[in-house]
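Hello,

Here is the structure I said I would pass on. My notes on it follow below.

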Amino acid sequence: MTAKILSAAPVVEKIKNNLIERCNALKTRGITPSMCVVLVGNNPASLSYVRNKKRMCEEIGAHFQLEHMPDDISSEEFLKRVEDLNLNPSIHGIIIQLPVSENLKKLNLPNLIDPAKDIDGFHGLNTQKLYSGTKDLSLLLPCTPKGIINLLHFYGVDLKGKTIVVIGRSLIVGKPLSMLLSNFDATVVLAHSQTKDLKQFIKQADIVVSAIGKAHYLDESYFNPIKNTIVIDVGMNTIDGKLTGDVDQKSIKDVVGAMTPVPGGVGPMTVITLIENLIFATEKQIKG
Ligand code: NAP
């Protein structure tokens with residue numbers, strides 16, 4: 001049996017069509033949903049992520065604005081410019097593209113953005129909702145975790161009672177995802193570099209989400225073929241200039257039930273979920 005490929009393309013298409021309709025409905029009321037990305041410096045990876053966000057924004061008919069700041073911007077000037085964006089009623093969603101320059105790292109970046117415009121879902125008031133057990137996907141929750149839930153829902157995966165191993169405990173993926181999965185009644189193991197016997201946990205899992213950042217780390221020896229495990233590969237690594245996940249797809253394809261591709265899996269789900277958050281944020285702001 002060869003693993004089913006859980007491609008993002010049909011999910012993105014479905015969500016995109018819904019967002020185009022909602023964006024048009026807002027425009028007929030005189031409101032163009034508008035996203036602003038704050039970018040500091042010229043990190044090549046950041047420039048490429050920003051281009052993807054811009055393209056998807058424009059594809060649904062929303063407005064995109066880039067607030068490009070120099071590497072040597074002072075923290076005072078940076079704070080002032082972010083606050084101006086918070087106060088600007090024609091901007092509905094703001095993100096600060098990471099990484100920022102060294103002198104800005106001491107700032108509490110997630111909490112600088114108005115929580116109503118925090119489409120990355122990193123503000124304390126937004127992440128707090130995860131702790132209180134929410135399943136409400138219209139809230140501004142972190143995009144990669146929410147995108148993974150959207151993808152699993154699209155492919156009809158019921159999370160209730162499932163044993164799920166999430167590998168990686170970052171603030172942007174592993175931690176919020178483990179909480180969101182638990183809110184959807186899964187039993188979650190949050191693994192990391194100090195986890196002993198990772199293989200044994202994975203062999204018992206119905207679903208494995210890998211957010212490690214090490215190319216081809218998981219091979220067939222990690223999986224129990226009778227479990228038909230669903231593998232969600234968050235990893236974005238490059239080998240010889242080629243994007244690749246944490247999972248060795250060739251090696252595992254005959255021992256797992258389904259897997260997301262890299263590229264074409266979690267990455268596009270993250271981008272479309274950011275744009276979905278922009279539309280939810282705009283709809284809520286105009287309701288007041
Ligand atoms: P991160 O901050 O890079 O941290 C990596 C995590 O993996 C840490 O929690 C670390 O454990 C754990 N880890 C490292 N080696 C391990 C091992 N051998 N066994 C088990 N756990 C191990 O995490 P991140 O920011 O979430 O990024 C992870 C990957 O996902 C990267 O490749 C990143 O580019 C990608 N990513 C993709 C998307 C997307 O949209 N597709 C979005 C975000 C991130 P410790 O905590 O113990 O150090």
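**Domains**

The centres of domain 1 and domain 2, taken over C-alpha atoms, are separated by 29 Å. The domain assignment places domain 1 at residues 31–113 and domain 2 at residues 142–266. Please keep in mind that this is a predicted model.

**The ligand**

What surrounds the ligand? The shell has 21 residues, and those that come nearest are Arg 169, Ser 170, Ser 193, Tyr 217 and Thr 270. By type, the shell divides into nine nonpolar, 10 polar and two charged residues. Helix α9, which covers residues 266–287, gives the most to this shell, with three residues.

- Ser 193 places a polar side-chain atom 2.6 Å from an oxygen atom of the ligand.
- Tyr 217 has a polar side-chain atom 2.9 Å from a nitrogen atom of the ligand.
- His 192 takes part through its backbone, with an N or O atom 3.5 Å from a nitrogen atom of the ligand.

As for burial, the ligand taken alone exposes 920 Å², and the protein buries 73% of that.

**The sheet**

In general, the strands of a sheet pair through backbone hydrogen bonds, either parallel or antiparallel. Which kind of pairing is found in the sheet of six strands here? The pairing is parallel, and the sheet is open, with the strand order β1-β11-β8-β7-β5-β6. Its edge strands are β1 (4–5) and β6 (187–191), each of which pairs on one side only.

The partner of β6 is β5 (residues 163–167), and these two strands pair in the parallel sense over five bridges. Within this pair, Ile 164 stands opposite Val 188 of β6.

**Salt bridges**

How many salt bridges does the structure hold? There are 10. One of them joins Glu 58 to Lys 54, and the closest N and O atoms of the two are 3.3 Å apart. Both residues belong to helix α2 (residues 44–59), where Glu 58 and Lys 54 lie four residues apart, about one turn of the helix.

**Backbone points to look at**

Most residues other than glycine have a negative phi, and most peptide bonds are trans. The following places depart from that pattern.

The peptide bond from Leu 98 to Pro 99 is cis, with omega near 0°. Pro 99 sits in the loop between β4 (93–96) and α4 (124–131).

Another cis peptide bond runs from Val 262 to Pro 263, and its omega is also near 0°. Pro 263 is in the loop between β11 (258–259) and α9. Both elements have come up above: β11 is one of the strands of the open sheet, and α9 is the helix that gives the most to the shell around the ligand.

Asn 228 has a phi near 50°, a positive value in a residue other than glycine. Asn 228 is found in the loop between β7 (207–210) and β8 (230–233). In the order of the sheet, β8 and β7 stand next to each other.

Regards

Methods
Residues numbered from 1 in each chain as written. Predicted model: local features only at pLDDT ≥ 70, side-chain atom pairs only at ≥ 80, totals over all residues. Heavy atoms only, no water. Near = heavy atom within 4 Å. Polar contact = N/O pair within 3.5 Å; in protein donor to acceptor, adjacent residues only side chain to side chain. Areas by Shrake-Rupley, 256 points an atom, 1.4 Å probe, with all protein chains shown as cover. Nonpolar A, V, L, I, M, F, W, Y, C, P; charged D, E, K, R; others polar. Domains from an automatic or database assignment. Pairing = 2+ DSSP bridges. Salt bridge = Lys/Arg side-chain N within 4 Å of Asp/Glu carboxyl O.
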